[in-house]
Amino acid sequence: MGNYQITVARSCDWETVYAAKLTCFPFERRDYKPFAQGRLCLCPEGLHVQLISFEVKPLAAGSVPESSCLTLALGEGGRAPVLRITADSTGRALAWLGDAPVEAPEITPFAGEDLQGIYWGVKYCLGQERLGQVFARPLEAGRTIWGNLVTSCLGGDKPFFGTLYPTIPQGGWLEKAPELGEMELVEF
């Protein structure tokens with residue numbers, strides 16, 4: 001598996017941004033592995049995030065971890081703190097920087113249908129100030145950072161856990177960073 005490439009551009013055009021397909025389902029023995037993908041685009045105002053899950057009826061349980069969720073994890077690598085944002089189909093979200101809860105960005109939920117099927121998703125932007133809490137120096141083309149994308153549902157009749165880069169979920173995994181893979185920033 002190669003590195004995911006984060007698009008660096010003057011403005012975000014989702015049609016030109018590389019899609020990351022979440023295909024690692026380490027414990028899934030059944031056929032229920034809902035297709036999910038993510039797109040990341042770095043613009044002058046910050047990092048735009050679009051996460052999509054092709055679930056016809058996402059579970060919207062009483063809490064974020066029990067619901068169908070999409071998670072972004074980003075970090076500098078090594079022992080630096082990792083930023084994790086988990087959101088469900090209603091736009092509810094939880095966020096952590098390292099082990100400490102932090103305010104989640106403003107989440108915009110969306111849903112639709114295309115040739116691949118019915119989907120739901122979330123989008124948001126991590127501003128430069130938030131990125132500065134995670135990364136020691138500004139993000140720019142040519143740089144490599146660390147991250148992972150997760151699709152999960154801990155409740156309901158069909159729980160699942162899938163990722164972009166292989167990781168093994170452990171108890172309380174939402175409060176801990178998943179294993180991270182390299183993400184290269186590439187100018188479009």
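In the predicted model, valine 8 is found in strand β1. This residue has a relative accessible area of 13% and is therefore classed as buried, the cut-off being under 20%. Beyond its neighbours up to four places away in sequence, valine 8 touches Leu42, Ala141, Leu185, Val186, Glu187 and Phe188. Valine 8 and glutamate 184 are separated by 176 residues in sequence, yet their C-alpha atoms lie 9.9 Å apart in space.

Strand β1, spanning residues 4-8, runs parallel to strand β13, spanning residues 181-187, and five bridges join the two. Within this pairing, tyrosine 4 stands opposite methionine 183 of β13. Strand β13 is also joined by four bridges to strand β11 (residues 144-153), in this case with an antiparallel arrangement. Here threonine 144 is placed opposite glutamate 184 of β13.

In soluble globular proteins, nonpolar side chains tend to be buried together.

With residues up to four places away in sequence not counted, tyrosine 124 touches Leu47, His48, Val49, Leu51, Leu72, Ile85, Pro105, Glu106 and Ile107.

Key:
Residues are numbered from 1 along each chain as its sequence is written. This is a predicted model: local features need pLDDT of at least 70, side-chain atom pairs count only at pLDDT 80 or more; totals for chains, interfaces and linings use all residues. Side-chain values use heavy atoms; hydrogens and water are left out. Contact means heavy atoms within 4.5 Å. Two strands pair if DSSP finds at least two bridges between them. Buried means under 20% relative accessible area, exposed over 50%, partly exposed in between (1.4 Å probe, protein chains only).
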